[in-house]
Amino acid sequence: MTAVTLKKGPSEVGEDTIAHLKPPVDPASLKHKQLLEGEFWRRIPAYAEVSEAEFLDHSWQSKHSITRIDKLLKALEGLVEDGFVRDAEIGFQRAPMSVRVSPYLLSLIDWKNPYVDPLRRQFIPLGSQLHPDHPKLGLDSLAEMADAPVPGLTHRYPDKALFLPLNTCPVYCRFCTRSYAVGIDTEEVEKVELRVSPERWAKAFRYISERPELEDIVISGGDAYNLRASQLLEIGEALLAMPNVRRMRFATKGPAVMPQKILSDQAWTDALTTIVEKGRKLHKEVVLHTHFNHPNEITSITERAMNLLFERGIVVRNQSVLQRGVNDTIETMRLLVKRLGHVNVHPYYVYVHDLVKGVEDLRTSLDTALTIEKHVRGSTAGFNTPTFVVDAPGGGGKRNAHSYEHYDRETGISVFTSPAVKADAYYLYFDPLHQLSPEVQKRWQSPVEQEAMIGAALEAAKRQRRS
Ligand code: SF4
């Protein structure tokens, strides 16, 4: 037998010496671990006298959330120039969403640079930054109502349903896909009625129980943060009692805009814990899905809230929306993903922005998503790497952004299929017009040209389709 001598690795140079393959990084460069702490809210004149105990109290946060445009603009007086206030006034007049902003959120905005601040962009529209809607954009772009056998219960995927028990949220986001129902009516949109209703809930529960194929229920809204503890228990227990239901996710933006609730609303957090533990005993998964979009939304308060959920064994996953000027750079998305991992939140999805009314300034092209995904993948562990998806307009469901059948970067049209949802259908996504060339933007002004471009894209997709 031949003796084999193993070559010494770099770590075996000497007994007391470890030869590093590459130098360790400077800890100061690990930005994802550097969370905002201290009494940061006091830099806002309206909160200068607010104590830590008050600011950490969810009731104080809710009570002082701003729900009227005039009050919001008043709170900004002295913080920003008059021109900015006028700009915001015009923005709100043209916005399809209602207003609701928490003091926590307002405190995280850099009011020295409000035009470019990524949180301001998500919640306060400015007339000067708005673009006309894409001609192919509709109010319920994901056709959730068309796939709803009971109002507020969408059954699209074979084994999953989306239950919308209420229509209110702790804040209102400009880019909300569900602006057709969420919040109160605005000058632009009369909302579909999805208030809390025992009769409507009972119908939804009955439908779910009568469908043996339904195993996975998303409870969204509106927002599960706005359910009372007793309502959380009622929904959780009703669904856990159904033999067909195996998985449940409560969806809330809350941790990103008011993490205080998890720390100070003991009844709510205990109710969630009860359902999670009950589910675990029944071998059913109950998790929380949340919605952070920018690393600045994760502070030391968030970390404490997420630590509490982690200690209680509650899994939290995140779904972000890719937005222009918010998180559409490789650096920001990498930082967001790493920071989410740092506070034990799994980055699950990044959505290419839906075709939502009044927010063309926030949409990016599909190409932006593909580029960012390429650079994010590999920067951390695979299980902490989000999948970039397009929620196919018209009801195709979520499609991996890379899975398009055809993508014409010049006209901005991408074509997707969704064999598990509808075998023969084609679904179209449209890049925002203002990012296309002036010649192509001109073509989009003509209905005849629109149909020609769409027809060409569909033909190409049919030729290129991977079965
Ligand atoms: S919290 Fe969610 S449902 Fe509510 S407005 Fe924002 S995106 Fe829409």
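Okay, let's start with the largest cavity: the residues lining it split into 17 nonpolar, 12 polar and 10 charged. For the classes, Ala, Val, Leu, Ile, Met, Phe, Trp, Tyr, Cys and Pro go down as nonpolar, Asp, Glu, Lys and Arg as charged, and the others, Gly among them, as polar. A word on where this comes from: the model is predicted, local features need pLDDT of at least 70, side-chain atom pairs count only at pLDDT 80 or more, and totals for chains, interfaces and linings use all residues. Residues are numbered from 1 along each chain as its sequence is written, and side-chain values use heavy atoms, with hydrogens and water left out.

So what do I mean by a cavity? A pocket is an open set with protein on both sides within 12 Å along at least five of seven lines, and lining residues have an atom within 4 Å of a point. Points are joined across faces, edges and corners, and the volume is the space filled by probe spheres set on them.

With that in hand, the structure has four cavities of 30 Å³ or more. The largest cavity comes to about 850 Å³. There are 39 residues lining that cavity, and Thr177, Arg178, Ser220, Gln319 and Tyr351 are the closest to its centre. Which elements give two or more residues to that lining? They are strand 2 (160–163), strand 4 (247–251), strand 5, strand 6 (316–322) and strand 9 (397–400), and strand 2 gives the most, with three residues. Helices (H or I, at least four residues) and strands (E, at least two) are DSSP runs, numbered from the N terminus.

Now, where does the ligand sit? In the largest cavity, and "sits" needs more than half of its atoms within 2 Å of the grid points. Around the ligand you'll find Met97, Cys169, Val171, Tyr172, Cys173, Cys176, Val182, Gly222, Asp223 and Lys253, where a residue counts if one of its heavy atoms lies within 4 Å. That shell has seven nonpolar, one polar and two charged residues.

On to the largest pocket, which holds about 410 Å³ of space. Of its 18 lining residues, Lys31, Glu331, Thr332, Arg334 and Leu335 are the closest to the centre. By class, this lining has four nonpolar, nine polar and five charged residues.

Setting aside residues up to four places away in sequence, Val376 touches Met333, Arg334, Val337, Thr385 and Pro386; touching is heavy atoms within 4.5 Å. Val376 counts as buried because its relative accessibility is 0%; the cut-offs are under 20% for buried, over 50% for exposed and partly exposed in between, with a 1.4 Å probe and protein chains only.

Most residues other than glycine have a negative phi. His283, though, has a positive phi near 60°, and Asn344 has one of about 65°. His283 is in the loop between helix 11 (266–281) and strand 5 (285–290), while Asn344 is in the loop between helix 13 (330–342) and strand 7 (345–352). Is His283 buried or exposed? Exposed, because its relative accessibility is 63%, whereas Asn344 is partly exposed, at 31%.

Note on methods: 1 Å grid on protein atoms, 1.4 Å probe; cavity = no way out; pocket = protein on both sides within 12 Å on 5 of 7 lines; lining within 4 Å.
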